[in-house]
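Let's walk through this one together, starting with the fold of one chain and moving on to its partner. Have a look at the model first.

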Amino acid sequence: MSYKIPMGPYHPALEEPYKLDMICDGETVSDAKLHIGFNFRGIEHLAETRNYIQVIALMERVCGICSNIHTLTLCQAMEKLTGVEPPPRALYVRVVMAELERLHSHVLWAGIAAKLMGFKTMFMTCFALREKVMDVLQAISGNRVNYSMNRIGGVNRDIEDPLALLGMVDQLEREMVRTIIPIFTTSTTATLRCAGIGILTNEKAISCGVVGPTARASGVGQDLRRAAPYAAYSDFEFNVPVETAGDVRARLLVRALEIMESCRILRQALTRMPAGAFNTGDGKIVFSTGTAISRVEAPRGEVVYSVSWKENSRNPARVHVRTPTFQNMPAIRWMVVGARLADTPLIQASIDPCYSCTDR
Amino acid sequence: MSAGVSVHRRSQDLLHHCAKAARSKVSGSSPSRAGISTNCGGDAVTVIDNIAERLGGSDVRMDSSGVQWFDVGDLGVRELATAMKACRARFVTITAIELPGNEGLRLEYLWDLDGQLLGFSFHLETNSIESIFDICEATDWIEREIHEGFTVDFVGRAYEPLLLREGNNLGVNLREEIR
């Protein structure tokens, strides 16, 4: 006999509210239905009531983890509408911020995944490491969550001594290589808990249009930093890790390898940072009528902003945000079908979902 | 020849061409890792040129965002979705834009082909357009979101609440005087 098990909207396994109604036959999930909207704030509509300075602060609050990515994507779109080009140093600072944000997001996810595996020591180790990244973000921006770094025409703050941050990158990489990656990739606990569960096949990944590490763990090898470079990414050498198994372990491996690649990008950006201005100054900003689309590879995947403006208006006519979790979450249904009920918290967490982003 | 038959033939040509191009691209793509083919790979520019050609020639423009915008003419959204699926383009999103006055809405469909964004714009006068959910399941949530935000009816599909709760009023993103 089948029965329905609801998980959420408030549940110990969920970091934010959403609901997964699972139809189970015994301990096996036979179907699932997702419900979101518990964090819906109408931010897109609210953006139309904000001017071009206020809207940056507003969109920074779409997400508490990748706040910098949202302002970066928005500013890139607004720069296309105003014809403003950020100076080279600003593009490098944007890369540094984006990669530090990716590091702290991936390490945070690793900690949460460890907690869901019942691996509390690993959870502590990951969060201690994440704290070091947060310290650097705070040292650069003065803030730990909403960094207020991006503006039209560049960034608000410079990285005065980029080479001083190299020590942090080395230390982070050392910790990753010494503890976190070996434990996640070789320990029996992590392997048995993650391998072969929550499989998203390559065909289903393409069909659902999933993005980011979720897609790359199912053999879809696209990364916008490589496929459609923005900021200064075309200046750097890095690999795009791709796995084919499509299970939770593959998603874990992709993120672990991406941490190493982020360290590699950071090292290049910090050592090669060009001298000069970090923004275009306080000149008058004039918007042209039209729509601009901007895309960025956030820690969870592709973020898309479509921004429309009317000439001589201070406010945008429309701001549409397509977040990676919005695209990835429907695939959870296919990941949990056939899984054991006890594995579903870890499976849904394996896409690193952000419900605030999704609901906006 | 009636307009309907002409559109049908054109979309068939487009499908045939895209599928052929996709097959040649997949066979010629370089794997990003041993044994893996990337989603699209190959020469996206050629495919874009072919799509433009099959859509009626020269009306393709690249905007300042780097998006290739195609003039869809009288091609339906379902034919377009089938063609995009055939050339293995990845669905990105649909953006609904409310036009001034009572001019209705514009829906902008975006697909990604090997890192190149392809844009297709549809003007809606009646707040209604065919759903492509059955062709491209990735559109499920965005169609539901636009239905709730802008009261657009995607014909041929059922809705369940997405961001709103049961009983909430639709049209939360519309201008107040229209809502």
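Chain B contains four helices and seven strands (helices are DSSP runs of H or I with at least four residues, strands are E runs with at least two, and both are numbered from the N terminus). Along the sequence, their pattern reads α-α-β-β-α-β-β-β-β-α-β. This is a predicted model, in which local features need pLDDT of at least 70 and side-chain atom pairs count only at pLDDT 80 or more, while totals for chains, interfaces and linings use all residues. Residues are numbered from 1 along each chain as its sequence is written, with chains lettered from A and ligands numbered from 1 in the order in which they are written.

Of the 179 residues in chain B, 41% are buried, that is, have 20 or more other C-beta atoms within 10 Å of their own, with C-beta atoms placed from the backbone.

Now turn to where the chains meet. Here 29 residues of chain B are in contact with 33 residues of chain A (C-beta atoms, placed from the backbone, within 7 Å). On the chain B side, strand E3 (90-98) and helix H4 (140-150) each supply at least two residues, and E3(B) gives the most, with six.

Over in chain A, follow helix H4 (residues 88-117) and helix H11 (residues 248-272): their axes come within 9 Å and cross at roughly 155 degrees (axes are lines fitted to C-alpha atoms over the stretch in contact, with angles from 0 to 180 degrees between N-to-C directions). H4(A) and H11(A) are therefore roughly antiparallel, the term for angles over 145 degrees. Among the contacting residues are Trp109(A) of H4(A) and Ile259(A) of H11(A).

Definitions and conventions:
Angles under 35 degrees count as roughly parallel, over 145 as roughly antiparallel, 65 to 115 as roughly perpendicular and the rest as oblique. Two residues are in contact if their C-beta atoms, placed from the backbone, lie within 7 Å. A residue is buried if 20 or more other C-beta atoms lie within 10 Å of its own, exposed if 12 or fewer, and partly exposed in between; C-beta atoms are placed from the backbone.
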